[in-house]
Amino acid sequence: MAQENEGGLDPAEVARLRLVIARLNRHLMRASDRQEFTFAQQSALARIEQHGPVRLGELAALERVTAPSMTRTVASLVESGMVNRVPDPSDGRSVLVELSPEGVALLAHIRRRRSELLARRTAELTEPERRTLMAALPVLERLVSFED
């Protein structure tokens with residue numbers, strides 16, 4: 001048996017978990033027919049939706065990327081009509097970014113397609129497998145809540 005790291009899973013188990021998460025994510029990313037939007041763009045859209053109109057610097061911090069990187073990501077989203085730049089009511093020198101109606105529709109479409117994929121896949125599971133999967137949700141949610 002391989003050595004456990006810091007009381008956690010052994011390296012083979014960690015590798016297996018990483019691989020299955022990566023593969024599931026790849027399947028979900030391909031589920032949408034809106035492939036012209038990168039993961040970074042889709043993530044920025046979701047974050048803008050979650051935090052409302054937001055400054056680029058705040059958005060960069062939330063996404064854990066550099067400000068220049070976020071500026072490029074948002075510029076492409078503005079150009080494609082998914083995001084609007086609006087004046088910051090508390091500081092006339094700043095702008096906020098918010099979702100356009102097209103951005104809202106895009107996120108809804110992507111989520112619907114990904115949910116459809118998961119629904120089809122989970123329908124193929126046995127009832128005990130579905131119960132096990134649902135029982136694992138709190139643990140998976142906790143995994144994504146940790147700060148890096």
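Residues are numbered from 1 along each chain as its sequence is written, and side-chain values use heavy atoms, with hydrogens and water left out. Because the model is predicted, local features need pLDDT of at least 70 and side-chain atom pairs count only at pLDDT 80 or more, whereas totals for chains, interfaces and linings use all residues.

Helices and strands are DSSP runs numbered from the N terminus, with at least four residues of H or I for a helix and at least two of E for a strand. Strand β1 (residues 83–88) pairs with β2 in the antiparallel sense over six bridges; two strands count as paired if DSSP finds at least two bridges between them. The two strands form a hairpin, with two residues between β1 and β2. Within this pairing, Val 83 stands opposite Leu 99 in β2.

Val 83 also belongs to the largest nonpolar core, where Leu 45, Val 83 and Val 97 have the most contacts inside the core. This core has 18 residues. A nonpolar core is a set of buried Ala, Val, Leu, Ile, Met, Phe, Trp, Tyr and Cys residues joined through side-chain atoms within 4.5 Å. At least two core residues come from each of α2 (39–51), α3 (56–63), α4 (67–79), β2 (91–99) and α5 (101–123). In soluble globular proteins, nonpolar side chains tend to be buried together. Contact means heavy atoms within 4.5 Å. When residues up to four places away in sequence are not counted, Val 97 touches Ile 48, Gly 52, Pro 53, Val 54, Leu 56, Leu 59, Val 74, Val 83, Asn 84 and Arg 85.

Ser 100 is found in the loop between β2 and α5. Ser 100 counts as buried because its relative accessibility is 1%; buried means under 20% relative accessible area, exposed over 50%, and partly exposed in between, for a 1.4 Å probe and protein chains only. Residues up to four places away in sequence aside, Ser 100 touches Gly 81, Met 82, Val 83 and Asn 84.

Phe 37, in the loop between α1 and α2, is likewise a loop residue, and its relative accessible area of 8% makes Phe 37 buried. Leaving aside neighbours within four places in sequence, Phe 37 is in contact with Gln 42, Leu 77, Ser 80, Met 82 and Leu 106. Phe 37 and Ser 80 are 43 residues apart in sequence, and their C-alpha atoms are 9.7 Å apart in space.

Arg 64 lies in the loop between α3 and α4. Arg 64 is not a glycine, yet has a positive phi of about 60°. With 49% relative accessibility, Arg 64 counts as partly exposed.

Arg 112 is placed in α5 and is partly exposed, as its relative accessible area is 44%. The C-alpha atoms of Arg 112 and Ala 31 are separated by 9.5 Å, although the two residues are 81 residues apart along the chain. Arg 120, also placed in α5, counts as exposed at 51% relative accessibility. Between Arg 120 and Glu 13, 107 residues apart along the chain, the C-alpha separation is 27 Å.

In helix α6 lies Met 134, which is partly exposed with a relative accessible area of 47%. The C-alpha atoms of Met 134 and Arg 121 are separated by 14 Å, and the residues are 13 apart along the chain.

The largest pocket holds about 2100 Å³ of space. On a 1 Å grid over the protein atoms alone, a pocket is an open set of points where a 1.4 Å probe fits, with protein on both sides within 12 Å along at least five of seven lines, and lining residues have an atom within 4 Å of a point. Grid points are joined across faces, edges and corners, and a volume is the space filled by probe spheres set on the points. The pocket is lined by 43 residues, of which Ile 21, Leu 24, Asn 25, Leu 28 and Val 144 are the closest to its centre. Each of α1 (11–31), α2, α3, α4, α5 and α6 (127–145) supplies at least two residues of the lining. Helix α6 gives the most, with 11 residues. The lining consists of 24 nonpolar, nine polar and 10 charged residues; Ala, Val, Leu, Ile, Met, Phe, Trp, Tyr, Cys and Pro count as nonpolar, Asp, Glu, Lys and Arg as charged, and the others, Gly among them, as polar.
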